Amino acid sequence: MTQKHHHKYEYRIHKVQDYICSHLDQDLNLETLASMSALSPFHFHRVFKSVAGETLHAFVLRMRLVKSCTLLLANPNTKIIEIAMTCGFSTPSSFAKTFKKHFYMSPSEYRGSHLPKKSKIGTSLSKTRTATSNTGQATNIPITYLSDQDLQSILDRRKTMNVTLQTLPTYRIAYMRQIGPYGVNNAQLMQKLKTWAVTQDLLDASSIILGIAHDDPALTPADKCRYDCGIVLAADYNLDKRINETTFPGGEYAVVLLEHTAEAINTAWQQIFSTWLPDSAYQLDTRPIFERYMGASNADVTIEPATCEICVPIVKL
């Protein structure tokens with residue numbers, strides 16, 4: 001495929017990828033996906049692989065497995081059978097078999113090996129102290145309590161994170177995508193998007209720019225990591241059809257404000273999932289996580305934003 005044709009079909013395949021990721025619990029048959037790209041099933045396979053760097057089957061399976069990993073850790077109390085169904089696996093046994101083939105461990109083993117270990121401080125099991133059950137018989141029970149030290153530790157951790165709960169609107173965005181290693185490529189894509197936005201009179205001090213890292217580098221080969229950079233559009237804006245468009249669902253988000261540096265962002269990602277979320281009354285929702293950039297620096301193509309907000313979709317436990 002020539003570069004000209006590659007660019008022509010890119011946005012079609014990206015739309016199909018977005019559809020797949022938001023419908024993983026459904027039957028993703030070839031005919032439906034091919035029709036979305038205005039291609040025959042035969043040509044769709046070839047074009048999809050050229051743009052995505054992998055076959056349709058490999059992409060769908062990888063997205064289902066990655067989503068299952070996220071849900072296993074983010075929602076430790078959700079039954080594995082529910083996660084399997086949410087991720088589009090037909091049976092729990094097929095999920096377990098596929099998961100073990102790719103990660104060399106069962107879903108329950110993966111969850112147990114990655115979740116933070118519970119502290120033994122403040123937990124004791126008395127062999128002599130008894131309580132009366134509803135049958136009237138004495139029974140040994142674990143006595144679990146939160147010590148002053150544990151409580152203060154939780155409060156201290158929360159204070160170090162600038163987290164606010166916000167109800168965000170649905171965003172309509174025009175976006176560009178790059179597939180490859182995260183890092184400098186992300187910054188270059190943002191500059192490319194802002195340069196395009198200038199030509200459309202879309203960039204000013206009130207612009208909202210979103211960055212979406214779709215893939216976990218720990219689970220996804222670097223050359224297949226997808227990163228989108230988009231700018232929020234007004235509902236009545238007439239968008240050039242040569243650029244991708246999508247919507248980000250509104251709702252409740254935990255929003256973390258931080259300095260826009262690679263170190264600060266990496267630290268924030270770790271703290272959100274290892275510290276803030278387990279200590280909160282919330283669990284991760286299935287809506288996308290994204291970075292939000294707001295402020296005067298958005299209006300200058302050559303200036304990197306000074307701050308960044310990580311927006312994490314949440315629902316109450």
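In the predicted model, Cys69, Leu71, Leu72 and Leu73 of helix α4 meet Pro107, Tyr110, Arg111 and His114 of helix α7, contact being defined as heavy atoms within 4.5 Å. The residues of this contact comprise 6 nonpolar, 1 polar and 1 charged; Ala, Val, Leu, Ile, Met, Phe, Trp, Tyr, Cys and Pro count as nonpolar, Asp, Glu, Lys and Arg as charged, and the others, Gly among them, as polar. Helix α4 spans residues 56–74 and helix α7 residues 107–114, and the two pack at an angle of about 55 degrees with their axes 9 Å apart. This makes α4 oblique to α7, where angles under 35 degrees count as roughly parallel, over 145 as roughly antiparallel, 65 to 115 as roughly perpendicular and the rest as oblique. Axes are lines fitted to C-alpha atoms, for helices over the stretch in contact, with angles from 0 to 180 degrees between N-to-C directions. The crossing of α4 past α7 is right-handed, meaning that the near helix is turned clockwise from the far one by less than a right angle.

Helices (H or I, at least four residues) and strands (E, at least two) are DSSP runs, numbered from the N terminus. Strand β5 (residues 208–213) runs antiparallel to β10 and is joined to it by 4 bridges, pairing requiring at least two DSSP bridges between strands. In this pair, isoleucine 208 stands opposite methionine 294 of β10. Strand β11 (residues 307–316) also pairs with β10 in the antiparallel sense, over 3 bridges, and glutamate 309 in β11 is the bridge partner of arginine 292.

Residues are numbered from 1 along each chain as its sequence is written, and side-chain values use heavy atoms, with hydrogens and water left out. As the model is predicted, local features need pLDDT of at least 70 and side-chain atom pairs count only at pLDDT 80 or more, while totals for chains, interfaces and linings use all residues.
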